[in-house]
Amino acid sequence: ARGCALQAAMLSPLYKVREFKVEDSTAHSILVGWMGTASDAEAKKPEEEGDISTDAGEGQYKTAVIFPAGSPMNVSKMLTFYRKGPFDIKAEYENPDALLPGTPKELGTFRIDLPASEAAKKVLVRAKLTLHGIFTLESAQLVEDEEVEEIVKEKREIPADSKPAEEEAKPEGEEKKEPSESPEGSPKSEKKEEGSPQAEKKEGEGSPAAEKKDQEPEKKYEWVEVKKTKKRTKKTDISVVPSGIVGINPDALQKLMDAETAMQVEMNDIIETDERRNDVESYIFNMRDKTSSSGEYGEFISNDDRDAFHADLTKAEDWLYDNFDATKVAYIDKLDELKAVGDPVVWRSKEASMRPEWIEAFQGTVSNYRGAVENGGEKYSHIAEEKLASIVKACNDAEAWLKDMCQKQEGLPKHEKPVLLCADMEQKNKELATMADAILAEPKPAPPKEEKKEEEKEEKKEE
């Protein structure tokens, strides 16, 4: 009740509530037990806060409380084991006296199916207290460290004594040409004149630091491929086989889930069947009222057809009340049977209501294109007279067709199939607009280039 009151206050705009957090917790402590081995001495300290240490002696049965009373739900803890083969972990409540009468303290036994090996291997087991307060071993993983060779590129300095790769590739006997000294008297051996800019020493050229810098060879580098060994951690999932756990076994649970799915499908079919039944019932009541002599569709159905249609509606209503257990397909077929007579009546009513608007629109299109040709003036003066005359002829033909069809339609009773259809007027309107637009969109020819005046030519000659 207190939680409901706090939640209502949080949702209400009239109250301000401090931020708080509500967490579910377990009421009973849960412990796990396992048989120790000599390899447990290799177990390290827990890697994370809250993880459980599993070190135990050979043949020693050890237990540890993994989830104390009051622990929040939906949390996990890690157990680390060193084993050479499969082993079992048993889970149970710590204090059976605190349980309700008849509640078993055992929560189940979980077998970690680790493949047998000569050396002890590290196994990580994740225990979880689910959101619903149910204990389970969520997963188990085999952790192995392995070495992997990788080829990487490194930048290395080339020693000064080593020859470049291009010189080593030269054939034997071919020596590197040294620059020969120029004979005396040659232009290269002539001394530079004193006082010239080239003969003058630069500032700092004779200093010891500069001489040392000149003596040091330029460093060169190259990229080489080097094999390096890296360690990486490989994790392999291990199957966890539960036994003696509380609750339904997986096979029975799957059967119940299948039964639930079947019930949901059956319920959806029942709902859809009721909807189709309501559709038939609504159609009977609506059409009976609208097709009466004073109804919305009364003028669009003859007296004989009205009497026959109303008789069919009455029969369908009697069938509907006599067959409450009919299938969805039967209701759909019955509705289609009634619509075979009722839909044409509805269509004639819609045609009659839209016909005046389409007649007005069609007449406006004819008037607009005819006026554009007759009163176009300079705008369409570049178009040939034959083309403009074809637009006028098309407008006259369309107008004559519309006038003839309107006369025929006025002579027909409303319950007969109309001869002037809105779809036909739409098609005629579209054809006229397409033909006229193609002609009126013809561009004007480009104006001729102006010839240079004779006076300008004479002036150029004089110049």
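Glutamate 157 stands opposite tyrosine 221 in strand 8. Strand 7 (residues 135–158) and strand 8 pair in the antiparallel sense over 19 bridges. Two strands count as paired if DSSP finds at least two bridges between them. Helices (H or I, at least four residues) and strands (E, at least two) are DSSP runs, numbered from the N terminus.

This is a predicted model, in which local features need pLDDT of at least 70 and side-chain atom pairs count only at pLDDT 80 or more, while totals for chains, interfaces and linings use all residues. Residues are numbered from 1 along each chain as its sequence is written, and side-chain values use heavy atoms, with hydrogens and water left out.

**The sheet 3-6-7-8**

- Strands of a sheet pair through backbone hydrogen bonds, either parallel or antiparallel.
- An open sheet is formed by 4 strands in the order 3-6-7-8, and the pairing is antiparallel.
- Strand 3 (75–83) and strand 8 (220–238) are at the edges with a single partner strand each, so one side of each has no neighbour in the sheet.
- On average, neighbouring strands of this sheet are turned by 25° against each other, direction ignored. Such angles run from 0 to 180 degrees between N-to-C directions, and axes are lines fitted to C-alpha atoms, for helices over the stretch in contact.
- Strand 3 is joined to strand 6 (residues 121–129) by 9 bridges, and the two run antiparallel. Threonine 80 stands opposite leucine 124 in strand 6.
- Strand 6 pairs with strand 7 in the antiparallel sense over 8 bridges. The bridge partner of valine 125 in strand 7 is alanine 140.
- Strand 6 and strand 7 form a hairpin with 5 residues between them. In the turn, glycine 133 has a positive phi of about 80°.

**The sheet 2-1-4-5-9**

- A further open sheet has 5 strands in the order 2-1-4-5-9, with antiparallel pairing.
- Its edge strands are strand 2 (61–67) and strand 9, each of which pairs on one side only.
- Neighbouring strands of this sheet are turned by 25° against each other on average, direction ignored.
- Strand 4 (residues 87–93) pairs with strand 5 (residues 106–112) in the antiparallel sense over 6 bridges. Alanine 91 stands opposite glycine 108 in strand 5.
- Strand 5 is joined to strand 9 (residues 240–243) by 4 bridges, and these strands run antiparallel.
- Two residue pairs can be followed here: phenylalanine 110 stands opposite proline 242 in strand 9, and isoleucine 112 stands opposite valine 240 in strand 9.

**Helix 4 and helix 5**

- Two packed helices are described by the angle between their axes and the distance between the axes.
- The axes of helix 4 and helix 5 come within 10 Å and cross at roughly 150°.
- These two helices, helix 4 and helix 5, are therefore roughly antiparallel to each other. Angles under 35 degrees count as roughly parallel, over 145 as roughly antiparallel, 65 to 115 as roughly perpendicular and the rest as oblique.
- The crossing of helix 4 and helix 5 is left-handed, meaning that the near helix is turned anticlockwise from the far one by less than a right angle; clockwise would be right-handed.
- Residues of helix 4 that meet helix 5 include Arg277, Val280 and Tyr283, and those of helix 5 include Phe309, His310 and Leu313. Contact means heavy atoms within 4.5 Å.
- By class, the residues of this contact divide into 10 nonpolar, 2 polar and 4 charged. Ala, Val, Leu, Ile, Met, Phe, Trp, Tyr, Cys and Pro count as nonpolar, Asp, Glu, Lys and Arg as charged, and the others, Gly among them, as polar.

- Serine 292 lies in the loop between helix 4 (250–290) and helix 5 (303–322).
- A polar atom of the serine 292 side chain lies 2.8 Å from the backbone oxygen of aspartate 289.
- Leaving out residues up to four places away in sequence, serine 292 touches Gly298, Arg306 and His310.

**Helix 6 and helix 7**

- Helix 6 (residues 328–374) and helix 7 (residues 385–410) pack at an angle of about 160°, and their axes are 9 Å apart.
- Helix 6 and helix 7 are therefore roughly antiparallel to each other, and their crossing is left-handed.
- Among the residues that make the contact are Phe362 and Tyr369 of helix 6 and Trp401 and Leu402 of helix 7.
- The contact of helix 6 with helix 7 has 13 nonpolar, 3 polar and 3 charged residues.

Note on methods. Polar contact = N/O pair within 3.5 Å; in protein donor to acceptor, adjacent residues only side chain to side chain.
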